[in-house]
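Subject: Structure for you to look at

Hello,

Here is the structure we talked about handing over.

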Amino acid sequence: MPKVKRGRKPPPDGWDLIEPTLEELTKSMRDAENESHEGKRKAETSWPIFRIHHQRSRYIYEMFYKRRAISRELYEYCLKNGHADENLIAKWRKTGRVTRISVRRAYAVCRVGSWMKRK
């Protein structure tokens with residue numbers, strides 16, 4: 001997570017509400033990056049990093065869209081400064097039910113709109 005540059009423009013109101021959680025997630029991200037990779041497959045080394053990245057973006061998403069605890073200005077500030085992944089949040093905002101379809105041992109994600117849901 002990038003450091004907050006306090007010299008230019010101060011963060012929007014409400015920053016002190018989410019800052020401790022983001023700092024904690026940053027600390028755990030550093031620990032995951034510095035963790036020993038001995039005896040792990042190449043893909044396994046990045047799993048904790050992806051999990052923490054996902055958790056940080058999900059936290060900001062829920063604070064803005066679900067709980068309505070932060071302002072739009074603070075939400076956009078977090079996206080602009082790299083505290084959350086904008087594309088990942090856009091994926092969560094899509095409507096419809098997500099289903100997994102198995103086609104010859106490969107899985108595909110299919111979004112089913114509300115008009116196609118079984119009643």
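The model is predicted, so please read what follows with that in mind.

Let me begin with Y75. Leaving aside residues up to four places away in sequence, Y75 touches I60, F64, Y65, I70 and I89.

Y75 also belongs to the largest nonpolar core, which has 19 residues. The members that touch the most other members of this core are W15, I18, I60, I70, L74, Y75 and I89. At least two residues of the core come from each of α1 (15–34), α2 (42–66), α3 (72–80) and α4 (86–93). The largest share is that of α2, with six residues. In soluble globular proteins, nonpolar side chains tend to be buried together.

Next, the helix pairs.

α1 and α2: the two axes are 9 Å apart, and the helices pack at an angle of about 170°. An angle over 145 degrees counts as roughly antiparallel, and therefore α1 is roughly antiparallel to α2. On the α1 side, the residues in contact are L17, I18, T21, L22, L25, S28, M29, A32 and E33. They meet P48, I49, I52, H53, Q55, R56, Y59, I60 and M63 in α2. By class, this contact has twelve nonpolar, four polar and two charged residues.

α2 and α3: here the axes come within 10 Å and cross at roughly 160°. That angle makes α2 roughly antiparallel to α3 as well. The crossing of α2 past α3 is left-handed. The residues that meet are I60, F64 and Y65 from α2 and R72, Y75 and C78 from α3. Five of the residues in this contact are nonpolar, none is polar and one is charged. I60 is listed in the contact of α2 with α1 and again in the contact of α2 with α3.

One last item concerns the loop between α2 and α3, where R68 lies. Most residues other than glycine have a negative phi. Is R68 buried or exposed? R68 is exposed, with a relative accessible area of 63%.

If you go through the model yourself, Y75 is a place to start, as it touches residues including I60 and I89. After that, look at R68 in the loop between α2 and α3.

Regards

Notes:
Residues numbered from 1 in each chain as written. Predicted model: local features only at pLDDT ≥ 70, side-chain atom pairs only at ≥ 80, totals over all residues. Heavy atoms only, no water. Core = buried A, V, L, I, M, F, W, Y, C linked by side-chain atoms within 4.5 Å. Buried < 20%, exposed > 50% of the residue type's maximum accessible area, 1.4 Å probe, protein only. Helix = DSSP H or I, 4+ residues; strand = E, 2+ residues; numbered from the N terminus. Contact = heavy atoms within 4.5 Å. Axes fitted to C-alpha atoms, helices over the stretch in contact; angles between N-to-C directions. Parallel < 35°, antiparallel > 145°, perpendicular 65-115°, else oblique. Left-handed = near helix turned anticlockwise from the far one by under 90°. Nonpolar A, V, L, I, M, F, W, Y, C, P; charged D, E, K, R; others polar.
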